[in-house]
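Here's a quick briefing to read with the model open beside you. Take it one topic at a time and find each residue as you go.

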Amino acid sequence: MNSVLPESYLDANSIASKVQSGEISAVEILDQYLERIDSHEKDVHAFNLVTTEQARADALETDDLVTRGVTPGPLAGVPVAVKDNLCTKGIPTTAGSKILDGWRPPYEATVVRKLREAGATIIGKTNLDEFAMGSSTENSAFGPTKNPHDLSRVPGGSSGGSAASVAAGFAPVAIGSDTGGSIRQPAALCGVVGVKPTYGGVSRYGLLAFASSLDQVGPITTSVSDAALVNEVIAGHDPFDSTSIKDPFPPFTERIGQNVEKLKVGVIKELMGEIDGISPEVIKQTNTAALALSHAGAEVEEVSLPAVLYCLSAYYLIAPAEASSNLSRYDGVRYGLRIDGKNLTEMNINTRTEGFGDEVKRRIMLGTYALSAGYYDAYYGKALKVRRLLANNFADVYSKFDVLISPTSPCTAFKLGEKITDPMTMYVNDICTIPSNLVGHPAISVPFGVGSDGMPIGIQILAPPMRESVMYQVAAAVETAGS
Amino acid sequence: MKQDWELVVGLEVHAELSTKTKLFCGCLNQFGDDPNTNVCPVCLGLPGSLPVVNEKAIAFAMQLGRALNCSVNRSVFSRKNYFYPDMPKDYQISQYDLPTNSDGFLELPTGITIGIERAHIEEDTGKTTHVGASGRISGSNYSLVDYNRAGVPLIEIVSKPEIRSTEQAKEYVSELRAILLTLGVSDAKMEEGSIRVDANVSVRNLGEKTLRTRCEIKNVNSLKSLGRSIEYEANRHIDLYLNGESPRQETRHWDENAGRTKSGRLKEDAEDYRYFPEPDLVPLNPDHKTIETIDNEMPELPSERRKKLMELPDMKPSDVALVVHRDHDVFAIEAIEAGGTPSAVIKHLVNNLSDGFGSLTANALAELIKMEKNAELTSTQTKKVLGELVSQGGAPEEIAANLGFEAVGSSEIENLVEQLIKEHPEEWKRFCGGEKKVQGFFVGQVMKVTDGQADGKLINQILNERSKAN
């Protein structure tokens, strides 16, 4: 297997404390990672842009604070790779698409601002499936990203670049976005930790919208405690995002390391063999993880979540519908690509035809259709009802369970080109992750074992809304068991 | 309106709310600034931007709703999707099936009420200028877009199709404007575009119960155009029907210079806006207390002001409407409270004070009216004094004295008449015999003696009474 994996990973936690104490400088840390990127990035293509200059400036600033005796924030000197659908001021933001050719946002995403205020060093913009639509990062207009465990395989998607950058040791932390599993699934396929926070827990201001009611921004890291740390930094109410939660969350890190005795863990029956297409190996690993929790004192039981069976269909109506509207603004008028025509409409059409890739066009058409007069009730309207049904289902289950467990991805990383020709096959990759997006609950993927193909497997922990602290607690226990 | 045909009109009025900032961002809501200077990522719809609701705009919208007797509802913002360069997101955040206000009515000054379907909130678009050719998009060389207006809060007020004449249509808009100004929620200037009117016009036979095909008229920039365009369109429909044809449902553009409507963009199907609830915003749910407070703090609306005056004796609705329209009712009430006869106060306001009061005080008007009533001044003299009061101010008695006005009292006239009877017995006999034209002679004589300071009406009255006594 052709792979690009470091010998060991550095913890963001320890980097930050070393930089804070002055033991190591932010610039030194940055250089270490830049060197590795220099050597191996060409094989992986995790980045659309390595922001060397800006990173150096950030790192110098952090070091300057330390010199002046000011303690920088909790991510002091930690290099962070940011998915290229998050606005970085003055730095090209492409969403993996040709249609934003040349666009440099005049403002930065709230998440990016919070990272920098915490002392992080933004090291680059990572590759993604165009406009976050995909599960393999093969839909990028700039070429696919490779899985660092096996360069002939996909890293997953849509945050494939972010997951790969962490797995390849290009950055200890990456930020991704998750609409139907786009953080968790690539994290699972790349053998790293990935979190989708409670909907509204992290600001979406500055995130190029795909599906507004499903999108969330979250961390990808090498450890559960790092994920909780980063989650803490980027979370919080944002007055610029009307959907962001005002109520305070219980601190994410506080229960990590606590034993899981008496916690009630439900194994989602439907995702453990009932639905076609979930690999037996993956199911086996999930059972092993469940057993490990049981040995650690948790009360583990199978639980049925029947609404899960309808989620894929509901998602593939709701997400494209919202996307078809969110992507209308890319019309060649104000920014990005413009291809002229003999009149306005022709210009719009030419621009969007050239600028958008096939999968994006497919979803825009699907979404436009679902929202059309005469079809709204049958498709979008009905999908919203499924969503409510699912929410009731979950609420019911969470009255008896603290967390739920399932596979993250139905399979390990597949070969580049293997699934790209059949969209439906590709869509099934999201089957385990979609439910959390539909109801807005938090979920995490933790690496746990490998398949017979040597590729990583990820286990998913799901928790009720705003219960990240329990989610991290159980995830940490699984992580310990798997190490 | 041609015989046997009934006009059916519904009006859609868009009013810009005069909030300090835009509906979904903190940019200034200000007319006339250099292009693209009041913009930000949100109102430019830049990738990644999100809307945040302006609470003042919502408050204004609810106030207007209550002033229009609407029920204020739990509401949801919706996206109206269509492509046009003046709309940065290529969708407009509006309200669709759950608007802020619904089911109200507007009382016209004449007393007729027009039903209000809904009054909802939405964001305004930017402004495009097409350069070259006629200034319209086809044939232009290029277009410029100014996004200063994009995101400005609008309230769209949709009436039921209950308007039945061009006069009513103009009154409706006028009254709506007056309410907006009273509430202070919009400056409603048609020339600046802070109030825009589209008319939905159809016709039907008198007595017909169902509605026929309607056309929407756009580009109406004044009340006069509103009346003209409705009339043109109605006649166009009637002519079609009389020819055995019928109008096509479409949007038509009013051409002020040509005096006719022209077919808009040719579209076979109605535009499908693919409305769905705006996922970036949460529903608005005003509570009982909020609405109660709005009602309690509602300023006196034009209809209430008219009602107040109508309670007084001898009031004519059209006069009262005019006085209130000109904001002269406060003055009127003051003058009435100072002792002026209501009908006389109104008469003066309507006929003689359309240009304003100048230095005239309500007290002075009351005094003047009393003088006229007591026949101390003739109506001609009264008007002259009024003119002086308006330009110089002061007290009517003083001015009358300065002008040498002393209305001749009835007793004096009676004496003069007796004298004239003695001097002109022949003419008197003829007058009493029924020759009315001799009356003028006697009036003229009285006038001559009194230097024109006797009131003509009074003279006639005395002559007639005297002739009966003969």
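**A tyrosine patch**

Tyr369(A) sits in helix 11 of chain A, which covers residues 358-371. Keep in mind that you're looking at a predicted model.

- Tyr369(A) has a relative accessibility of 41%, so it counts as partly exposed.
- Together with Tyr375(A) and Tyr379(A), Tyr369(A) makes up a nonpolar patch on the surface.

**The nonpolar cores**

- In soluble globular proteins, nonpolar side chains tend to be buried together.
- The largest nonpolar core here has 219 residues. Among those with the most contacts inside it are Leu115(A), Phe131(A), Leu11(B) and Tyr172(B).
- Which helix gives the most to this core? That's helix 9 of chain A (residues 311-326), with 10 residues.
- Leaving out neighbours within four places in sequence, Leu11(B) is in contact with a list of residues including Ile157(B), Ile163(B), Tyr172(B), Val197(B) and Leu226(B).
- There's also a second, separate core of 30 residues, and Ile346(B), Leu353(B), Leu368(B) and Ile369(B) are among its members.

**A threonine in a loop**

- You'll find Thr412(A) in the loop of chain A that runs between strand 9 (403-407) and helix 13 (423-427).
- Is Thr412(A) buried or exposed? Its relative accessibility is 11%, and the cut-off for buried is under 20%, so Thr412(A) counts as buried.
- Not counting residues up to four places away in sequence, Thr412(A) touches Leu189(A), Gly451(A), Asp453(A), Met455(A), Pro456(A) and Ile457(A).
- With one of these, Asp453(A), Thr412(A) makes a polar contact, side chain to side chain, at 2.6 Å.
- Thr412(A) and Gly156(A) are 256 residues apart in sequence, yet their C-alpha atoms are 9.2 Å apart in space.

- Most residues other than glycine have a negative phi, and most peptide bonds are trans.
- The peptide bond from Gly157(A) to Ser158(A) is cis, with omega near 10°. Ser158(A) belongs to the loop between strand 3 (121-126) and helix 5 (160-167) of chain A.
- Thr137(A) is also found in the loop between strand 3 and helix 5 of chain A. Its phi is positive, near 65°, and at 0% relative accessibility Thr137(A) counts as buried.
- His45(A) isn't a glycine, but has a positive phi of about 55°. Look for His45(A) in the loop between helix 2 (26-44) and strand 1 (47-50) of chain A. With 18% relative accessibility, His45(A) counts as buried.

Methods
Residues are numbered from 1 along each chain as its sequence is written. Chains are lettered from A and ligands numbered from 1 in the order in which they are written. This is a predicted model: local features need pLDDT of at least 70, side-chain atom pairs count only at pLDDT 80 or more; totals for chains, interfaces and linings use all residues. Side-chain values use heavy atoms; hydrogens and water are left out. A nonpolar core is a set of buried Ala, Val, Leu, Ile, Met, Phe, Trp, Tyr and Cys residues joined through side-chain atoms within 4.5 Å. Buried means under 20% relative accessible area, exposed over 50%, partly exposed in between (1.4 Å probe, protein chains only). Helices (H or I, at least four residues) and strands (E, at least two) are DSSP runs, numbered from the N terminus. Contact means heavy atoms within 4.5 Å. A polar contact is a pair of N or O atoms within 3.5 Å; within protein, one must be able to donate a hydrogen and the other to accept it, and residues adjacent in sequence count only if both atoms are side-chain atoms. Patches are made of residues with over 30% relative accessible area and no salt bridge: like charges are joined within 9 Å, nonpolar side chains (Val, Leu, Ile, Met, Phe, Trp, Tyr) within 5 Å. Accessible areas come from the Shrake-Rupley method with a 1.4 Å probe; for residues, only the protein chains shown count as cover. A salt bridge is a side-chain nitrogen of Lys or Arg within 4 Å of a carboxyl oxygen of Asp or Glu.
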